[in-house]
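Try each task before reading its solution.

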Amino acid sequence: MLFRSGQIVGTGSGDCIGIPSSVFTNGSNEQINACSGDGGQEWTYNGQGELTVDGGAYCLDVKGQGTTAGTIVDLYTCNGGENQEWSFSVGGTLVGVQSGLCLSPADSGTANGTQLEIEGCTDSSSQQWQWANDVAFQATTGHLLIYNPQNNSHIDSNLGMAPG
């Protein structure tokens, strides 16, 4: 199992997934905003498939356990619900486990403050996400891995370069 931590950047927008003004409260709508490095843009992908912030207290959440396109994505206290579980695909999409739909800016928007929602998965760059200089922990080996997005590889704390 690979645990990751860092900013999540939209390929189409170049902006980060984040919480407005880093205010951690249930129901805060998730948006894309210019990457600033504040705590509201620092996510951890844990062993349960959750994307968490604020030390794991809050999760990226599909509002009201929605499963239809256009449902808003918000922040909510982590509770183990499938609407808080996400899967990273090989193509870079974030797929909601409960809905099977992809995380997407509303109307494929790229402007700061664009609301995030779930939509049918397409090949659009607006639905592609990548980790920015993230740190990962490989649970099976106990090695700390630092991601290098320039060549899609990890630097292994014990061994040197490792494939992506």
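This is a predicted model: local features need pLDDT of at least 70, side-chain atom pairs count only at pLDDT 80 or more; totals for chains, interfaces and linings use all residues.

Residues are numbered from 1 along each chain as its sequence is written, and side-chain values use heavy atoms, with hydrogens and water left out.

**Exercise 1. The whole chain**

Task: Find how many helices and strands the protein has, and what share of its residues is buried.

Solution: 
- Step 1. Run the secondary structure assignment, taking helices (H or I, at least four residues) and strands (E, at least two) as DSSP runs numbered from the N terminus.
- Step 2. Classify each residue by relative accessible area, using a 1.4 Å probe and protein chains only: buried means under 20%, exposed over 50%, and partly exposed in between. Of the 164 residues, 42% come out as buried.
- Step 3. The protein has about 7,400 Å² of it, and carbon and sulfur atoms contribute 50%.
- Step 4. Take contacts, meaning heavy atoms within 4.5 Å. Among contacts with a separation of 6 or more, 50% are between residues 24 or more positions apart.

**Exercise 2. The disulfides**

Task: Work out how many disulfides the structure holds and how the bonded cysteines pair in sequence order.

Solution: 
- Step 1. A disulfide is a covalent bond between the sulfur atoms of two cysteines; here the test is a pair of cysteine sulfur atoms within 2.5 Å. Searching the whole structure gives 3 disulfides.
- Step 2. Start with cysteine 16 and cysteine 35, whose sulfur atoms are 2.0 Å apart. Cysteine 16 sits in strand β2 and cysteine 35 in the loop between β3 and β4 (43–45), so this pair ties together parts 19 residues apart in sequence. The angle about the S-S bond is 105°, and the link is right-handed. Cysteine 16 is buried at 0% relative accessibility, whereas cysteine 35 is partly exposed at 35%.
- Step 3. Move on to cysteine 59 and cysteine 78, again a disulfide with sulfur atoms 2.0 Å apart. This pair links distant parts of the chain, 19 residues apart: cysteine 59 is in strand β6, and cysteine 78 is in the loop between β7 (73–77) and β8 (86–88). The S-S torsion is about 110°, so the disulfide is right-handed. Cysteine 59 is buried at 0%, and cysteine 78 is partly exposed at 23%.
- Step 4. Finish with cysteine 102 and cysteine 121, joined at an S to S distance of 2.0 Å. Cysteine 102 belongs to strand β10 (residues 102–105) and cysteine 121 to the loop between β11 (114–119) and β12 (129–138), 19 residues apart. A torsion of about 100° makes this disulfide right-handed. Cysteine 102 is buried at 0%, while cysteine 121 is partly exposed at 43%.
- Step 5. Number the bonded cysteines in sequence order, and the pairing reads 1-2, 3-4, 5-6.

**Exercise 3. A buried aspartate**

Task: Aspartate 61 is buried; identify the nearest side chain of opposite charge and the side chain with which aspartate 61 makes a polar contact.

Solution: 
- Step 1. Assign charges, with Lys and Arg positive, Asp and Glu negative, and His and the chain ends not counted. The nearest opposite charge to aspartate 61 is lysine 63, 8.1 Å away.
- Step 2. Apply the salt bridge test, a side-chain nitrogen of Lys or Arg within 4 Å of a carboxyl oxygen of Asp or Glu. Aspartate 61 has no salt bridge.
- Step 3. Search for polar contacts: N or O pairs within 3.5 Å where, within protein, one atom must be able to donate a hydrogen and the other to accept it, and residues adjacent in sequence count only if both atoms are side-chain atoms. The side chain of glutamine 84 answers the task, at 3.0 Å from that of aspartate 61.

**Exercise 4. An asparagine in a strand**

Task: Find which backbone nitrogen the side chain of asparagine 33 reaches.

Solution: 
- Step 1. Asparagine 33 lies in strand β3 (residues 31–33).
- Step 2. The side chain of asparagine 33 reaches the backbone nitrogen of glycine 113 at 3.1 Å, and a polar contact of 3.0 Å joins it to the side chain of glutamine 31.

Notes. Accessible areas come from the Shrake-Rupley method with a 1.4 Å probe; for residues, only the protein chains shown count as cover.
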